[in-house]
Amino acid sequence: MKVFMHWDMEGVSGLFCREQVWYWEPGVREEVAREGRDLLIADVNSACAAALAAGVDEIIVCDTHHGGGNIELDKLLIDPRITYLVRSVGPHDGTLRWMPGLDQSVDALLLPGHHAKAGTTGAFLPHTWSLDWADVRINDRSVGELGIEACFAGHWDIPLILVQGDEAACTEAQEQFPGVVTACVKRALSHDLCTGLDAGSARRLTATRIAEAIERLRTAKPPPYKPALPMTVTIRMTTVQAADRAATRSGVRRIDDYTVEGRVERHCDVVKWINGTGLDMPAPRREGR
Ligand SMILES: [Zn+2]
């Protein structure tokens, strides 16, 4: 069994404030940024150990937060069964692509460290990819990064089996993917602040949930997320200027002052029409938060 862990950071264990996670913002103290990255790294190690203990043969760990660059290889569990991708766009079969290594050989997608979609109330740092995006809809269903990433994986029929994050992210996951296993490790106090289990307890909870998700995959494999094709992806921007910029891309249709739309034939093209991220990319691009 081979799994792909696509790590964001807002939802990791024991991480409770904006400064720890959006650590590139002005004024962030170095030691707080360090804390945030160490919490992510400890979570990655713990989750990988749990997946291996549950019988997984191979893990791809992908660092996606702000495009990647948050994990540090010398602090990670060294095991021949684990491959680390330090950025979420990288080489694959001679081209650049999003989530290299995600293909038909992968049995399941895990989305740890995640957050709720843009506009969610009662959520810790909710957003969808870019702060320019107010709402993303696939065939008129509002989705967050969870939905976008699950849709991309749907191209290879890979199901989403686990989400770890705050209460709002887990609720979003369960609403969109009934039966998905969630590890709720925190809840928002405000947009920039949350509270929850201490890091050790949160890691233990996540490890238990990972074991459950792997067990469920063996006994009753959940369906992949495959919205009907061709797929219409609609993005309402936060500003008219962002919509102006998006509308200059070829194939992008302007719906109104704030909204643009693309129509795609493949699940893996869910965001390629708007930001170029997907398969067969010409050059590396910076990702969202
Ligand atoms: Zn994110």
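This is a predicted model: local features need pLDDT of at least 70, side-chain atom pairs count only at pLDDT 80 or more; totals for chains, interfaces and linings use all residues.
The zinc ion is coordinated by three residues, Asp8 through OD, His115 through NE2 and Glu145 through OE, at 2.0 to 2.3 Å. Along the sequence, these donor residues follow the spacing D-x106-H-x29-E. Asp8 is located in the loop between β1 (2-7) and α1 (18-21), whereas Glu145 belongs to helix α3 (residues 145-154), so the pair ties together parts that are 137 residues apart in sequence. Both Asp8 and Glu145 are buried.

With a disulfide taken as a pair of cysteine sulfur atoms within 2.5 Å, the count for the model is zero. For Cys17, the closest cysteine sulfur is that of Cys194, and the separation of 8.2 Å is too far for a bond. Cys17 has a relative accessibility of 21% and therefore counts as partly exposed. Cys62 is likewise in no disulfide, its nearest cysteine sulfur being that of Cys48, 12 Å away. Cys62 counts as buried because its relative accessibility is 0%.

Met1 is found in the segment before β1. Its relative accessibility is 23%, so Met1 counts as partly exposed. Leaving aside residues up to four places away in sequence, Met1 is in contact with Val56, Asp57, Glu58, Asp107, Ile214, Leu217 and Arg218. The C-alpha atoms of Met1 and Leu52 are 9.9 Å apart in space, while the two residues are 51 residues apart in sequence.

How values were computed:
Residues are numbered from 1 along each chain as its sequence is written. Side-chain values use heavy atoms; hydrogens and water are left out. Donors are N, O and S atoms within 2.8 Å of the metal (3.2 Å for Na, K and Ca); water is not among the atoms, so sites may look incomplete. Helices (H or I, at least four residues) and strands (E, at least two) are DSSP runs, numbered from the N terminus. Buried means under 20% relative accessible area, exposed over 50%, partly exposed in between (1.4 Å probe, protein chains only). Contact means heavy atoms within 4.5 Å.
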